[in-house]
Amino acid sequence: QVQLVESGGGLVQPGGSLNLSCAATGQIVISYYDMNWYRQAPGKQRELVAAVRRGGVTTYADPVKGRFTIFRENAKKTVSLRMNSLNPEDTAVYYCNVQNSLTGMGVWGKGILVTVSS
């Protein structure tokens, strides 16, 4: 059974940085999958924050462009999210997701809390 395990969340002051990491375990050829980070803030819908496609193309939501960087390492079956210049609006539960665009199969992590507060 494939699982995604997120790490690196926590409390950070405004203007600070955090690195989130997500590791896939189990039988999965991760190079076949798009790898994504979503977030869900209190009272809001889950939104896509950043994505790195199978071929390496990256996309970012407008609020995080220039501040967040997504990076995948297929050999380690990991995807990371480097978050700089954090502000309170970035406070949310962040979810790792992998999605096979050909088969439709996807897996979600359980989520990890990021809190930006002074």
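How much accessible surface does the chain have, and what share of it belongs to carbon and sulfur atoms? In this predicted model, the accessible surface of the chain comes to about 6400 Å², and 51% of that area belongs to carbon and sulfur atoms.

**Figure 1. Overall view of the chain, a predicted model with eleven strands and zero helices.** Read from the N terminus, the order of elements is β-β-β-β-β-β-β-β-β-β-β. The C-alpha trace spans about 40 × 25 × 25 Å along its principal axes, and the radius of gyration is 14 Å, which agrees with the value near 13 Å that a compact globule of 118 residues would have. Among contacts between residues at least 6 apart in sequence, 54% join residues at least 24 apart. As for charge, the chain carries 12 positive and 7 negative side chains, with the centres of the two sets 5 Å apart.

**Figure 2. The largest nonpolar core of the chain, which holds 32 residues.** Of the 118 residues of the chain, 40% count as buried. In soluble globular proteins, nonpolar side chains tend to be buried together. Within the core shown here, Trp37, Leu81, Met83 and Tyr94 touch the most other members. At least two core residues come from each of strand 3 (18-25), strand 4 (34-40), strand 5 (47-52), strand 7 (68-73), strand 8 (78-83), strand 9 (92-99) and strand 11 (112-116).

**Figure 3. Close-up of Tyr94 and the residues that it touches.** When residues up to four places away in sequence are not counted, the partners of Tyr94 include Leu20, Trp37, Val49, Phe68, Leu81, Met83, Ile112 and Val114. The list of residues touched by Tyr94 also holds Glu6, Tyr38, Arg39 and Gly111.

Figure 4. Is Thr78 buried or exposed? Thr78 has a relative accessible area of 13%, and because buried means under 20%, Thr78 counts as buried. Leaving aside neighbours within four places in sequence, Thr78 is in contact with Cys22, Ala23 and Met35, and also with Phe71, Arg72 and Glu73.

Figure 5. The relative accessible area of Gly66 is 83%, and since exposed means over 50%, Gly66 is classed as exposed. Gly66 and Glu47, which are 19 residues apart in sequence, are separated by 18 Å in space from C-alpha to C-alpha.

Note on methods: Residues are numbered from 1 along each chain as its sequence is written. This is a predicted model: local features need pLDDT of at least 70, side-chain atom pairs count only at pLDDT 80 or more; totals for chains, interfaces and linings use all residues. Side-chain values use heavy atoms; hydrogens and water are left out. Helices (H or I, at least four residues) and strands (E, at least two) are DSSP runs, numbered from the N terminus. The radius of gyration is taken over C-alpha atoms; the globule rule is 2.2 Å times the number of residues to the power 0.38. Buried means under 20% relative accessible area, exposed over 50%, partly exposed in between (1.4 Å probe, protein chains only). Contact means heavy atoms within 4.5 Å. Accessible areas come from the Shrake-Rupley method with a 1.4 Å probe; for residues, only the protein chains shown count as cover. Lys and Arg count as positive and Asp and Glu as negative; His and the chain ends are not counted. The place of a charge is taken as NZ of Lys, CZ of Arg, CG of Asp or CD of Glu. A nonpolar core is a set of buried Ala, Val, Leu, Ile, Met, Phe, Trp, Tyr and Cys residues joined through side-chain atoms within 4.5 Å.
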